[in-house]
Amino acid sequence: MAPKLQRFVSPGKGNGVRATARIRRGELVYSAEPLASCVSKKLSREVCHHCFTRRETLLRCSQCKMTRYCNITCQKGAWCSHKRECKCLRSLLPRIPTDSVRLAARLIFALLSPSDNSSEELYTLEEHESHLSSMSEQKKQGLSQLATMLQLYLTQEVPVQEMTSALPPSCQEPLNLIAKVTGNCFTISDGELQEIGVGLYPSLSLLNHDCRPNCVMVFEGTNLQLRAVRDINPEEELTISYVETLSLTEDRRRQLEDQYHFTCHCQRCDSQDTDRLMLSGKEETHRLLKEAIPKLEDLKAESNWQALLENCRHLLSTVGGDVPEENLYKLRMTDIAVDASIQLELWEEAVGYGKKTLPAYRQYYPDPHPVHGVQLMRVGKLQHYLEHIKDAFDTFRQAYEIIKVTHGEDHPLTADLLMKMKECHTELDQYSSSSH
């Protein structure tokens, strides 16, 4: 692990990671390739299963018909990890196992053929928590079904004795292994923060949670990069957020208890500092917005953009008119309206909704945060497309101040942003010289 980090026992939290030297805001603290990873089932036709790049056209594996690749280079690069998986996938066709089953299987294949470059982990798989003892019966039942599926999936390719010889003792029981995988895997996202897959990064499972963390994680392909978003002093613990921080204390706490089996007592939860702002406006009014959101999410999942936008327009102009922009449910609905307007190519409407979200994002993300940076980029691109060049340049500049900290100067997203700023600069120069 990086020279400035050290494993330690964090009071009340178990294992954790702390700094051994001063870490500056924006510094790359750690980067890692996954021990195992896989593309999400729902995106398996859109993302290369080797480099995790989104592409319009991909080559399909002619045998399992599931995995897809950019080109022959990616297909060859993936073969050593796909070889055994390919047979397993073929044995279950036309069914495709869930992401966690595929990830657990890929972990087993990785452990059966250890590569020379497997680095020393700060936190071994053996030490990962399964949390089975603190789980509800219902959750255990669900995991048991996944464990049965895993065994069925591996039957022909990995005999039981081979599996037990490759795995550490606490992982040999399929239920334990599945519990460890589901409780410790990370969602791999693209530059726009959309989920593309899942991966296991054992050392990073040591990081504890905070609802206002001092580090964030971003990805470049499957490479996970951990960056500091505030200055961190020697001996200070490094934290990340396990959940979306733009939500109410009770919702964050519930999600952390359900998924990670602990009650959060971070400073933000104990003070409930942003809850009052998130619930600003009359309760009976914003409750109507809150109740409408699940229906809107369904329309979004069905890509029914026209109905989605009409619903958002109606609610935001009637009920929403009496609710401040900072209200969490109004903010979520305005964000959904941005998505729908973009899909329907209603650019002016999209930019109008997008601009309304920015003051709230600024308030809710006091530290540089990828979500805030990406939101500014979206709005900037819409302004640029509509030839509001001066506004676009200003928005891109704000995005850059965040992205250079959260993603670093070398990330493709940062390069894309700098390119956009340069285009605006050139266009502004042309405009001023032609208007003289």
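The model is predicted, so local features need pLDDT of at least 70 and side-chain atom pairs count only at pLDDT 80 or more, while totals for chains, interfaces and linings use all residues. Residues are numbered from 1 along each chain as its sequence is written, and side-chain values use heavy atoms, with hydrogens and water left out. Helices (H or I, at least four residues) and strands (E, at least two) are DSSP runs, numbered from the N terminus.

Two strands pair if DSSP finds at least two bridges between them. E3 is joined to strand E11 (residues 223–228) by 4 bridges, and the two run antiparallel. Ser31 has Gln225 in E11 as its bridge partner.

Cys38 stands opposite Val198 in E8. Contact means heavy atoms within 4.5 Å. Axes are lines fitted to C-alpha atoms, for helices over the stretch in contact, and angles run from 0 to 180 degrees between N-to-C directions.

Helix packing is described for H11 and H12. The axes of helix H11 (residues 328–343) and helix H12 (residues 347–364) come within 8 Å and cross at roughly 150 degrees. Their crossing is left-handed (the near helix is turned anticlockwise from the far one by less than a right angle; clockwise would be right-handed). Residues of H11 in the contact include Leu331, Val338 and Ile342. Among those they meet in H12 are Trp347, Tyr353 and Tyr361. The contact residues divide into 10 nonpolar, 4 polar and 3 charged. Here Ala, Val, Leu, Ile, Met, Phe, Trp, Tyr, Cys and Pro count as nonpolar, Asp, Glu, Lys and Arg as charged, and the others, Gly among them, as polar.

Aromatic pairs number 6. Rings of Phe, Tyr and Trp (its six-membered ring) pair if their centres lie within 6.5 Å; planes under 30 degrees apart count as stacked, over 60 as edge-to-face and the rest as tilted. Phe186 and Tyr201 form an edge-to-face pair, 5.9 Å centre to centre with 75 degrees between the planes. This pair links distant parts of the chain, 15 residues apart. Phe186 is in strand E7 (residues 186–189), and Tyr201 is in the loop between strand E8 (195–200) and strand E9 (208–209). Both Phe186 and Tyr201 are buried (under 20% relative accessible area; exposed is over 50%, and partly exposed in between, with a 1.4 Å probe and protein chains only). Together with Phe219, these two residues form one aromatic cluster.

The rings of Tyr242 and Tyr260 have centres 4.8 Å apart and planes at 55 degrees, so this pair is tilted. Tyr242 lies in the loop between strand E12 (239–240) and helix H6 (249–260), and Tyr260 lies in helix H6, so the pair ties together parts that are 18 residues apart in sequence. Tyr242 is partly exposed, with a relative accessible area of 24%.

Several backbone features fall in loops. A cis peptide bond joins Leu93 and Pro94, with omega about 0 degrees. Pro94 is found in the loop between helix H1 (72–92) and H2. Ser303 is not a glycine, yet has a positive phi of about 55 degrees. Its loop runs between helix H9 (283–301) and helix H10 (305–317). Ser303 is partly exposed at 44% relative accessibility. Glu345 also has a positive phi, near 60 degrees. Glu345 sits in the loop between H11 and H12. At 56% relative accessibility, Glu345 counts as exposed.
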